[in-house]
Structure formats: structure tokens, C-alpha cells
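Please study the structure shown here before reading the notes that follow.

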Amino acid sequence: MAIEANRKEYLRRLGGKKYFILGDEACAYGAIYAGCDFFAGYPITPATEIAELIALELPKAGGICIQMEDELASIAAIIGAAWTGARTMTATSGPGFSLMQENIGYAIMTETPCVIVNVQRSGPSTGQATKPAQGDVMQARWGTHGDHDIIALAPHSAQECLDLMLDCFNLADIYRTPVILLMDGEIGHIRESVTMPELSTITHAERKLAQPAEDIFGGPELVPGITHYGEGANVHVTGSTHLANGMRDVATPEVHDVLLRRIYRKIADNREQIVRTELDKDTDGKAKIGVIAYGAASRPAHGAVGRARNNGNAVDFLRLITIWPFARTQVVEFCRDLDVLLVPEMNLGQISREIERFVNCRVVSVSKIGGVPHTVEEILTAIEEAV
Amino acid sequence: MIEINDDLCKGCDICIEFCPLNVFLKSDTLNRKGYYVPVIAEEDLCVGCRLCELLCPEFAIIITNE
Amino acid sequence: MGEYRHRLMDYVREEIMPHRFCVGCGCGTVLNAFVNAVEEIGLEPTKMVCVSGIGCSSWIPSPYFRSDTLHTTHGRPIAFATGVKIMRPDLTVVVIAGDGDVSGIGGNHLIHAARRNIDLSVFMVNNMIYGMTGGQVAPTTPSGTKTSTTPHRNIEPAFKVADLVMTAGATYVARWTTYHVFPLMESMQNAMTRKGFSFIEIISQCPDNYGRRIGKPTANDFLKQFRDDAIRINKTEGMSEEQLDKRIVIGKLCDRERPEYVTQLHEIIREQVAAVKREKTK
């Protein structure tokens with residue numbers, strides 16, 4: 001999508017500047033760079049700073065930020081707004097993310113592009129409300145009821161909070177699906193130097209328009225084009241099982257089968273296009289030990305890998321940037337020659353169990369809960385025990 | 001003029017009950033869908049108030065000026 | 001009797017008519033009044049977005065009304081409509097949904113939308129029951145009533161939703177019944193043409209899943225009661241709460257001016273954008 005004049009004006013001033021800011025704040029700037037037109041949210045620790053900065057800055061770029069009465073309303077409002085052609089988002093943490101699940105399913109079923117940021121905190125329930133965790137990995141995957149696939153990305157630095165917001169909005173438009181930025185309280189509240197990108201480096205994906213205007217929920221392609229409200233096309237959007245023209249048909253088994261398999265496949269079949277990982281292979285290429293991590297846990301994990309190498313141990317490292325769809329090919333390739341894989345996570349092993357489904361080496365979950373991230377020493381000890 | 005669309009009518013009898021001038025009567029034959037649709041007993045009585053047209057849940061009655 | 005085409009068929013998705021409402025269901029009458037109101041004020045359906053939730057009356061606009069339609073999750077239509085209206089203030093955004101949807105599961109959105117005075121028209125069809133699921137007690141079911149989930153009797157008082165919305169800050173509130181079709185139509189016209197949060201509570205009938213439980217198995221049983229129990233708001237002076245509880249107070253409950261939400265929101269955007277431009281030219 002073309003970047004509007006008001007936003008260009010605003011972004012031109014930012015380009016090249018370096019700010020020492022929170023991950024949450026970087027995420028907010030990322031949303032503005034990504035062309036977010038509309039934000040609706042509800043305060044929650046540790047995500048509130050996203051809403052606060054967007055409320056302050058987005059209007060200057062011509063966008064709108066509102067606070068709704070709850071998270072149910074926030075996600076509802078951004079889905080409604082998305083059907084006018086707007087790029088829309090909300091930001092929350094675990095409890096709010098739980099409340100949003102029904103309408104995330106609605107966005108999946110109606111193929112509504114939108115972005116949901118979840119700055120994960122320690123749960124279940126109120127848990128350790130102000131402490132970070134990575135406990136919502138599987139909720140992001142399976143939180144809403146019914147079969148579906150989902151896209152979720154996990155940043156590991158304040159800079160990446162900004163950068164990945166651009167990817168989130170582009171993926172949402174390309175695949176016509178809700179996209180989740182799976183941050184965590186550690187990354188949301190980390191304060192780091194963040195470089196504001198130059199306007200010339202920013203690209204916004206096009207939201208493909210439907211031809212003919214009526215066929216917005218089917219047709220020959222996995223991702224159908226969209227027709228927005230207010231264009232005279234009498235668009236009918238429903239969360240019930242529907243035909244290509246949007247009209248409800250809940251009685252024909254084939255209609256549901258075709259619709260759901262296509263919605264599932266448009267992400268599953270494009271996995272290799274969507275997935276991004278970051279590989280740091282040991283230079284001698286003979287590592288029998290590997291570490292896979294993501295988000296906050298990937299920082300001490302990468303540090304520990306460096307220390308282990310300094311101590312003379314060959315260790316490979318893979319960071320998952322895309323959490324869902326799962327980086328199956330990359331993980332299998334990474335683990336092919338390994339004896340042991342360590343998976344440090346700030347949960348009780350959600351991704352390590354996913355990895356176990358695909359690899360032949362021994363998978364060791366280095367889980368840590370309690371609201372304090374792993375230390376380099378803890379992960380180093382685990383590596384050395386595995387040697 | 002009163003027009004009744006037999007195919008849309010579900011025989012709820014609202015028009016029969018509430019016509020201020022008792023223009024309608026219940027028919028003794030079923031329509032295609034098995035409902036007893038109203039028939040016009042006394043079209044001359046109709047003053048065109050459109051109450052039946054507006055009350056009808058089925059778009060099955062229309063009053064025209066012809 | 002000839003097969004005529006109703007003059008308002010252009011306003012409905014004719015290919016799926018007749019609609020699926022039960023015999024004598026009030027939803028059909030509300031659709032009829034709504035379509036007439038839209039035609040009467042010359043509103044182009046292409047300039048409208050109709051939003052609904054889950055329940056029988058949510059089917060009135062979606063799928064039956066031929067405009068852009070958004071059939072949302074249960075209780076959330078007002079929140080979805082808020083997003084639509086903010087991004088497209090030029091479109092007329094109408095919410096039509098039931099009492100359970102709007103005042104039960106979605107009650108929070110209702111009061112906050114009224115408080116904001118966002119320019120939406122909300123037409124709440126109140127049939128006093130959860131009809132689609134087969135006749136369970138609703139927040140609007142009169143106390144004492146036996147329903148499938150209050151088989152002994154309902155001990156809760158019924159919500160006076162229009163009064164609640166008025167107190168919450170809506171600028172136009174009215175209550176009518178499916179018997180009072182002409183004033184209902186006029187009221188819908190007012191709601192859709194004025195700016196601000198407009199709310200019409202439409203007392204309606206569910207002969208199949210409510211009526212048959214309370215000895216009113218036909219639409220006419222209900223409509224006669226609506227006709228006889230209704231009392232105009234301007235005739236209620238001096239009546240006690242107890243007397244009023246036995247009646248259906250109809251008419252325009254309020255019509256007032258307050259700053260509208262979306263207008264103010266866009267004002268802020270214009271100010272902020274202008275400030276950035278000024279800074280640049282400095």
C-alpha cells in the first residue's frame with residue numbers, strides 16, 4: 001500500500017535517528033512505520049507502553065488510536081476497521097490475549113488482516129502480572145477453537161520489535177489473516193538503542209483486491225482478494241461457514257471442508273515463504289550439541305553458546321524469528337547431525353515438545369519459570385552437562 | 001389495490017386480526033408451502049392505511065394506489 | 001391473486017427470500033419497518049454498513065438487508081461497528097441485534113458506546129427470551145416467567161434497557177413495539193439521520209420459543225398485548241413505578257445534543273497532523 005502523505009511527513013523526520021527506548025516503544029514506532037491506521041487497545045502490563053506511545057504519536061502521522069472498554073471490544077473494533085481497508089492492530093498481554101481468542105478465530109474465519117501484539121507475562125490467570133514469560137506460545141497457535149493455522153513472530157531485541165512490526169502488517173495483508181507479534185515482558189521492557197529506519201527502506205505489501213468484487217472468500221487462489229466496505233459491493237462478512245461470495249452455508253459438508261482447508265493451506269503451504277530463522281553455526285562445523293531459542297530466552301542462550309565455544313566446545317545455535325508456522329525444515333536441517341539439542345524457554349517446554357515431533361536427536365528442555373530470565377551461566381551449565 | 005404474495009405468506013394471521021376494517025379473511029385452502037393464506041373479503045372497504053403492509057413480517061402484502 | 005414483486009425487494013437480498021424467521025416472528029416486521037425507513041429517507045444502502053451479532057434478530061440485516069453487512073460474534077456488534085464508523089465516518093452504520101446480544105453478553109459495549117455518543121444507530125429487538133437457542137431466560141425476561149433454564153420461575157427482574165442507555169449518555173432513545181410500526185419507522189428515520197448514539201428498543205414477539213411457554217402461542221396474542229399494554233411516555237406522569245411496571249412505555253425517551261465521538265476523534269488527528277506540518281515549515 002502506498003504510504004500516505006501525512007505519514008511520510010512524520011516518518012521523514014524520524015529516519016536515521018537513534019532512540020534509547022523500550023521494546024514496547026519500538027513496537028509502537030514499528031506500527032507507525034508499518035502504516036497502522038487504527039489502533040484499539042486496553043491497558044495491561046507489560047504492554048501498556050505500546051498503547052501509550054501510539055496514542056501520542058500515531059495521530060501525528062494521521063492514524064487513530066482509541067482505548068476501548070475491554071480487550072473483547074479492542075479486537076472487535078480493529079476487525080471492523082480492517083474491513084474499511086485500514087491497517088489495524090491491538091496490543092495486550094496474556095489475560096487480554098485470552099479474552100481476544102474468540103474474535104481472533106473470527107478474524108481467521110473471515111480472513112481479516114490485522115495484527116495482535118501479545119507481550120507475554122507470567123500466568124496462568126494473574127500469575128506474576130509484572131514478570132515476563134513465554135507461556136503463550138501454544139495459546140498463540142491453538143488459542144481459538146476449531147482448526148486453523150496462524151502466523152506468529154517473536155522479536156529478541158527492541159530493534160527487532162520495530163522491524164518485525166513491518167513484517168507482521170505485510171504478512172497480514174499478503175495472507176489475509178491475523179498475525180501475532182509474540183513479544184515477552186523482558187523484550188517489551190528492555191531499554192536499548194533503536195535506529196529509526198529511513199523512509200526509503202520501507203515497503204508496504206499490497207492487499208490484493210478481489211476480481212470479481214463478490215468473490216472475496218474463495219476462488220482459484222489460496223489467498224482470495226478482498227473487497228472493502230463502502231464500495232457498493234454489498235460485501236457480506238460472517239464467521240459462519242460461507243461460500244465464496246460470503247453467503248452463509250453451514251449445512252453442506254463440502255463447503256466447510258473446502259473453506260477450512262484453504263484457510264489452513266494458505267499458511268501451511270507458504271511456510272517456506274513465511275518462516276525466518278537466524279543461524280549461528282559453529283565455525284568448525286562439527287558440533288554435536290545445538291541450542292534453539294527465541295525471544296528473551298535467545299539472548300542468554302546465544303551468550304552461553306559463545307562462552308561454550310570459548311571453552312572449546314562446538315555448539316550450533318538457531319534462533320526462531322517465526323514461531324508459527326513452525327520452522328520445521330530449518331529445525332530438522334539444524335538437528336540432522338546433532339546428538340543433543342537444548343531448548344531454553346521461559347515456559348515448561350512448549351516449543352521443545354514441538355521440536356521433538358520432528359527431530360531424531362535428544363531434545364533437552366531447559367525451562368525456567370518464575371519471572372526471571374535464564375542467566376548465561378544456567379544455560380552454559382546445561383550445555384556443559386550435555387557435552 | 002391490495003396484492004398478496006401467496007408464496008411469501010406464512011399464514012401468521014396478523015393482517016386478518018389487525019386490519020381496522022376487516023378486509024381480510026382466512027382462506028380454507030393451503031398455499032404451496034402448507035399455510036392458510038389470507039384472502040381479500042371486501043376490497044372496497046380498504047382505505048389504504050398500509051397497516052397490514054407494514055405489520056406483515058413477510059413482505060407478502062402491498063397496497064398500491066391503482 | 002397475482003405474484004407481484006414487492007416494491008422494496010431491491011433493498012433485500014431477494015435471492016434468499018423468503019426469510020427463515022418463524023411464522024409470526026417480529027423480526028420480519030422489524031425488517032419491513034427498517035427497509036421502509038431507509039427508503040423513506042432516501043438512504044443509499046451502498047452508503048451503509050449493517051452490523052449484527054448472534055441471535056435471530058441479528059439475521060434482520062445480515063443476510064437479509066442488501067448492503068455491506070458484518071455478522072459478528074455474540075455480543076460484539078457495537079464494538080465492531082465502532083471500528084467501522086471511526087474509519088468511515090461518511091457511512092451510516094447501523095447495528096441490529098437482540099436483547100441477549102446487546103444487553104446481556106454485550107451489555108458493556110452498549111453502555112460505553114452510549115457514553116461516548118458515537119454516531120451509531122442501534123436497534124435492539126427485544127423478544128424477552130433467548131429464542132435461537134430454544135427459549136432460555138434473558139436479562140429482559142419478566143420475573144416470574146418459566147423458561148427452559150428457569151423451569152420453576154425467573155426470580156430476576158427484567159432489564160429496562162432503553163432507560164439504561166439513556167442514563168449512560170445516548171442522545172436519542174426510543175422504545176416501540178412491533179405493533180407500533182408507523183412510529184417505529186419514523187423513529188428509525190430519526191435515528192439514522194441524526195448524529196450521535198441513537199438507540200431504539202423494539203419490543204417484539206417470539207411466538208415459538210417464548211409464547212408457547214407463557215400461553216401466547218401466536219403473534220396476534222403478543223401484538224394485542226403490545227397494543228393494550230403500551231402507554232405513551234407523555235401519558236405516564238403521576239404513575240407509580242408499580243403501575244408502570246405493568247405497562248410498556250413507548251415513545252421518544254430522549255432527544256438531546258452532546259459532542260459526538262468520531263467527529264472529535266478526527267478533530268484531534270487534524271490538529272496533530274497540522275502541528276507536524278507547521279514544525280516542518282519552521
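Buried area is the accessible area, found with a 1.4 Å probe, that two parts lose on being put together, summed over both. Between chain B and chain C this area is about 2,800 Å², of which carbon and sulfur atoms give 62%. The model is predicted: local features need pLDDT of at least 70, side-chain atom pairs count only at pLDDT 80 or more, and totals for chains, interfaces and linings use all residues. Residues are numbered from 1 along each chain as its sequence is written, chains are lettered from A and ligands numbered from 1 in the order in which they are written, and side-chain values use heavy atoms, with hydrogens and water left out.

**Confidence**

- The predictor's confidence in each residue is called pLDDT and runs from 0 to 100; its mean for chain C is 96, and 98% of the residues of chain C reach 70 or more.
- The scores of the model are ipTM 0.97 and pTM 0.97.

**The interface of chain B and chain C**

- Chain B gives 30 residues to the contact and chain C gives 35 residues, where contact means heavy atoms within 4.5 Å.
- Of the area that chain B buries against chain C, 28% is supplied by B:F18, B:L54 and B:F59, more than by any other three residues.
- The interface holds 2 salt bridges, each defined as a side-chain nitrogen of Lys or Arg within 4 Å of a carboxyl oxygen of Asp or Glu.
- C:R7 forms a salt bridge with B:E53, and their closest N and O atoms are 2.8 Å apart.
- On the side of chain B that touches chain C, the largest share, 4 residues, comes from α2(B); helices (H or I, at least four residues) and strands (E, at least two) are DSSP runs, numbered from the N terminus.

**Helix α2 of chain C**

- Among the buried residues of α2(C) are C:P77, C:F80, C:K85 and C:I86.

**Residue C:T218**

- C:T218 is found in the loop between β6 (198-203) and α7 (219-229) of chain C.
- C:T218 counts as partly exposed because its relative accessibility is 37%.
- C:T218 and C:V93 lie 125 residues apart in sequence and 33 Å apart in space, C-alpha to C-alpha.

Terms used
Buried means under 20% relative accessible area, exposed over 50%, partly exposed in between (1.4 Å probe, protein chains only).
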